[in-house]
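Subject: Structure handover

Hi,

Here is the structure I said I'd pass along.

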Amino acid sequence: MGKPRLVVVGNGMAGMRCVEHICDFAPDRYEITVFGNEPHPNYNRIMLSKVLQGGTNVDDITIHDWNWYKERGISLYTGETALRADPGLQRIYTESGRVEPYDRLIIATGSSAFMPKIPGIHKPGVTAFRNIADCERMMEASRTYKHAAVIGGGLLGLEAARGLLNLGMEVDVIHNASYLMNRQLDGAAAEMLKRELTKQGMRFLVEKRTERILGRKRAEGLQFSDGSRLGADLIVLAVGIRPNISVAEASGIRTNRAIVVDDYMQTSADHVYAVGECAEHRGIVYGLVAPLYEQARVLAMHLCGRHTEPYPGSVPYAQLKVSGVEVFSAGLIQEGDCETALQHYDGVKGTYKKVTMKNGRIAGAVLFGDTSEGTELLGYLKRQAPVSALKAQSAGGNSSLVKSAEAMEDQETVCNCNSVTKGAIMETVWLDGSQTVDQIRERTKASGSCGGCKPMVAAMLELAKSSERKKPVQASASVPICGCTEMDRASIRAALSPGSDVSVQAAMLRLGWKRPEGCPVCRSTAAYYLGIHRTAAGGEPMIRVSASAPTSPGLLQPESGRIALELERRSTGWILPTRIRIAVSPSPRDPAGVLVHDLGIAASPAGWELYAGGHMEHPVKAGQLVGVLPDDGDITDMALGCLALYRDSAYYREPMWEWVERYGLQRLREKLLDPDERESLLETMEIGRSVEINTHSDIHSEERTVGI
């Protein structure tokens, strides 16, 4: 019996990202056929403006070239339009008469430019801006004609206008709203953008509605609803997109605004899935690349029979470069939907920042001119952080980007489109020798999609080059964790994350383990990073807290017992890289081994002291003073915040003392002495704690489980 047949209708970014994952996860699982209605292999549609501006051709923006399909045994039919499917017979029918059977069908037909019903819209000289053919039409027109009108002041319209300016045309942008990019920006940011683009040569007509396209044989201008007119030789429509759902409609598959799918991207028909701009999930149709790639990963894992969490939906955001101007937008930004939590305008530097809130939590953000804080703000938004998490940031220039890069944790995502973390970028510089942003993109895919994160990737590169002395010993020595693999702790951590592989053995196979079955050391390490845990009967808790009884009457701090109980209660169920011991001393004369425990809390005349990194066995280490706080509740939060940082950035089985030396005492103090940082850390850990308690997990049982 042959392999099951997977047919993909649509050769765009979402569908091919799904196929790419399938080829990575299970390269021999399916016989794959792809139909695309354009004559090209898969290309990066986000980069069309580069083609329009000149100096870039379709080969430069191609994601998967012809050889990529051939090497993977994928049958690619370009210039082939699918008409309908028969879910009962499991057949797909194309315009040329081809009938292709399938066992699984993915509809990834994307979207088309929305063409409003304006009289004269079908005249020569009118085009959309959606694909390579549109770019070619516009470039051809620029050789003969000199005045273009772009209808639509959103991102696509402005990119089209920028390209036409580069082609030597005069450009007017017509927008029906009161300010540009009204879906992504507020009025203040839009006005700054308008001023900058006006300097570049664009002209703008806002609050104008086009009533008809003038001209007898070809387009010669526009007439507006207020009676005014504008002469133009080329009319470019960039007023939105419309999901391509004709295949689903002709096949009897449920549609609404787009093709309705569930949390695993399945349509109303058995064995038929939809992904990308043509899919509607929980009433939402996404048009940005990051959500589409998240959908593609979930669908690929589902089709490969691997465990995956259902697709929960995405937080829409845009990090863009509009005609050379950096712009970031996420969440709720319009008045009426939210309140302004923070707003900052710098007219000298040309930067603007606005953060909104709703019910006391961060709800949205707009950045203009300097988007270095975009990744951090998006993280706050995704976890619905309280507004107290906001901190003043120094502004301006690349040094600010490097500072933001340095402040990020290794596990934080830099490239949201391709889920590339800071740690992965730093490792490719330290271990693989990447010296340019292009090399980082080739090895990690960071900045390889929308390109919005490219400035931060460049800052990461600068940081990695300038901080070699801060590299962990494992990075410079590259000491394998065991004889089963050449990978060290840092590279394993960078390569694995919860849900990235369905099992430990699958991860080892993907990462090229020399011994596929592994050993207890590497199996337990991989299981920890994959989030695969089992309950261990009778296992001791991850965190043990001891409080000494007072031996010096009159010097007792009665809160010591309460601190110990509170630490135990609030840390129950936490999963950590290794077991932790905490000592609480009620007075300066009853040290209770505070300095030789992983964490030590001791009463002092000023309140409570927190020590971290003590060790009573070889090598003996004295705990280092992190800080002093007057309140027992605050010192408890500080200790738990330290554990949260340890969990997020320590290697599996890395002792606390070793982590403190690697992480840096000064950096630790900066994090834990900031009340907002502590609150944010604890909120994140509480979410994780709920999940871990519900699953009754214990990482150390993984050592006794083979081939999970």
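Ala 622 touches Leu 595, Gly 613 and Gly 614, leaving aside residues up to four places away in sequence; contact here means heavy atoms within 4.5 Å. You'll find Ala 622 in the loop between β31 (607–612) and β32 (624–629). Helices (H or I, at least four residues) and strands (E, at least two) are DSSP runs, numbered from the N terminus. With a relative accessible area of 56%, Ala 622 is exposed. The cut-offs are: buried under 20% relative accessible area, exposed over 50%, partly exposed in between (1.4 Å probe, protein chains only). Ala 622 and Tyr 611 sit 11 residues apart in sequence, and their C-alpha atoms are 8.8 Å apart in space.

Two notes on provenance. This is a predicted model, in which local features need pLDDT of at least 70 and side-chain atom pairs count only at pLDDT 80 or more, while totals for chains, interfaces and linings use all residues. Residues are numbered from 1 along each chain as its sequence is written, and side-chain values use heavy atoms, with hydrogens and water left out.

Now the overall picture. The protein chain has 22 helices and 32 strands. Of its 708 residues, 54% count as buried. Taking contacts between residues at least 6 apart in sequence, 63% join residues at least 24 apart.

On to the cores. A nonpolar core is a set of buried Ala, Val, Leu, Ile, Met, Phe, Trp, Tyr and Cys residues joined through side-chain atoms within 4.5 Å. The largest has 54 residues, and Ile 92, Leu 105, Ile 106 and Ile 107 touch the most other members. Leu 105 touches Val 7, Val 9, Ala 85, Ile 92, His 271, Val 272 and Tyr 273, again not counting residues up to four places away in sequence. Another core lies apart from that one, with 41 residues, among them Tyr 380, Leu 381, Ala 389 and Cys 415.

Which helix pair did I look at? I picked α11 (residues 422–430) and α13 (residues 454–466), whose axes come within 9 Å and cross at roughly 50°. Axes are lines fitted to C-alpha atoms, for helices over the stretch in contact, and angles run from 0 to 180 degrees between N-to-C directions. On the α11 side, the contact is made by Lys 422, Ile 425, Met 426, Val 429 and Trp 430, and on the α13 side by Val 457, Met 460, Leu 461, Leu 463 and Ala 464.

Helix α17 (residues 520–530) is mostly covered, with 9 of its 11 residues buried. Those buried residues pack against α15 (489–495), α16 (504–510) and α19 (632–649).

Finally, two backbone spots for you to check. Asn 359 has a phi near 55°, positive in a residue other than glycine. It lies in the loop between β24 (351–358) and β25 (361–368), and at 72% relative accessibility it counts as exposed. Gln 384, also not a glycine, has a positive phi near 50°. Its loop runs between α9 (374–382) and α10 (397–407), and Gln 384 is exposed, with a relative accessible area of 51%.

Cheers
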